Amino acid sequence: MDIIRYRVGDSSAALVGVRDEGQVFGLRGVPSLAALWALPLAEIRQRVRDRQAVPAADITLLPPVDGRTEVWAAGVTYFTSREARVEESERSADVYRQVYDAERPELFFKSAAWRVAGDGQTIAARADSVVDVPEPEVALVINRFGEIAGYTACNDVSSRTIEGENPLYLPQAKVYLGGCALGPAIRPSWEIADPYDLGIELTIRREGAVAWHGQASTASLRRKFDDLVGYLMRADIYPDGVVLATGTCLVPPAPFSLADGDVVTVAVAGVGTLTTAVVRGLDRMREAFGATRRA
């Protein structure tokens, strides 16, 4: 079963429901995902059970985040990620070695809900960067009380060029239009038996051929999800919940970079498969973003 955000036919209204064995059900009294994440986990489970069948129609999945729900991310939580950051940063490599071993994790703001791309939509490589990569991650969907309500796939698109110049450039390397994708849906946390045994695959296709492919698992995650959530919730509140990407274990080695026209697939076993197309530069991304919002 998946928790979904969707629209029906040509309607522009965003709805919240569940998809179970191919059938879509609406959730009574749940106007948005943000409203759902404002509830305790026990009540979320009850709302998911209190559902009604949706008449057969064309269903379009929307990015599984809305309202005031923010997207945050954790960095350098896998050894592979640590080594990639060390490789790209000539002058500040020790920063990444230190944070990998430190008690406090690296956490940073990634995206507002309105900026997030969903499955079948578009991501972007920055025009002022030479090396840009997708970063496949398991993202936690957390309610306002700090409880993990679900999991979704995340593509934390990043400029290795910009971050490598100086760690203080991290927001520019990470936060921009086309820099974050989530989806296609949310798998409830109570349906995942072992979140530390989830296979993750990244596939990048270029002109129809596989340009890069990698496989890994959350088994190699250095930190526990509850630990990351605990640090995120220590000194802030998230009234409508928060999504936290938990770091990447697959990074294409330099000088590989995303190119205009690439298709990126992030697959998390038991959670879902997120596929997005790539454009380069703000003008192309603005055009794609506008088209998505008009559709």
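This is a predicted model: local features need pLDDT of at least 70, side-chain atom pairs count only at pLDDT 80 or more; totals for chains, interfaces and linings use all residues.
The chain has 295 residues, and its secondary structure comprises eight helices and 18 strands. Its radius of gyration is 18 Å, which agrees with the value near 19 Å that a compact globule of 295 residues would have. Along the principal axes, the C-alpha atoms occupy a box of roughly 55 × 40 × 30 Å. Buried residues make up 56% of the chain. When contacts between residues at least 6 apart in sequence are considered, 74% of them connect residues at least 24 apart.

The accessible surface of the chain amounts to about 12600 Å², and carbon and sulfur atoms contribute 50% of this area. The chain carries 32 positive and 39 negative charges. The mean position of the positive charges lies 3 Å from that of the negative charges.

A disulfide is a covalent bond between the sulfur atoms of two cysteines. The number of disulfides in the model is zero, with a cut-off of 2.5 Å between the sulfur atoms. For Cys180, the closest cysteine sulfur belongs to Cys154 and is 4.6 Å away, which is too far for a bond. Cys180 has a relative accessible area of 2% and is therefore buried. Cys249 is likewise in no disulfide, and its nearest cysteine sulfur, again that of Cys154, is at 12 Å. Cys249 also counts as buried, because its relative accessibility is 4%, below the 20% limit for a buried residue.

Most residues other than glycine have a negative phi, and most peptide bonds are trans.

Pro184 is placed in strand 13, which covers residues 180-188. Cys180, the buried cysteine described above, falls within the residue range of this strand. Pro255, in contrast to a strand position, is located in the loop that links strand 16 (242-245) and strand 17 (263-268).

Val76 sits in the loop between strand 6 (70-75) and helix 3 (79-88). With a relative accessibility of 2%, Val76 counts as buried.

Whereas Val76 is buried, Glu207 is exposed, with a relative accessibility of 82%. Glu207 and Asp262 are 55 residues apart along the chain, yet their C-alpha atoms are separated by 7.2 Å.

How values were computed: Residues are numbered from 1 along each chain as its sequence is written. Side-chain values use heavy atoms; hydrogens and water are left out. Helices (H or I, at least four residues) and strands (E, at least two) are DSSP runs, numbered from the N terminus. The radius of gyration is taken over C-alpha atoms; the globule rule is 2.2 Å times the number of residues to the power 0.38. Buried means under 20% relative accessible area, exposed over 50%, partly exposed in between (1.4 Å probe, protein chains only). Contact means heavy atoms within 4.5 Å. Accessible areas come from the Shrake-Rupley method with a 1.4 Å probe; for residues, only the protein chains shown count as cover. Lys and Arg count as positive and Asp and Glu as negative; His and the chain ends are not counted. The place of a charge is taken as NZ of Lys, CZ of Arg, CG of Asp or CD of Glu.
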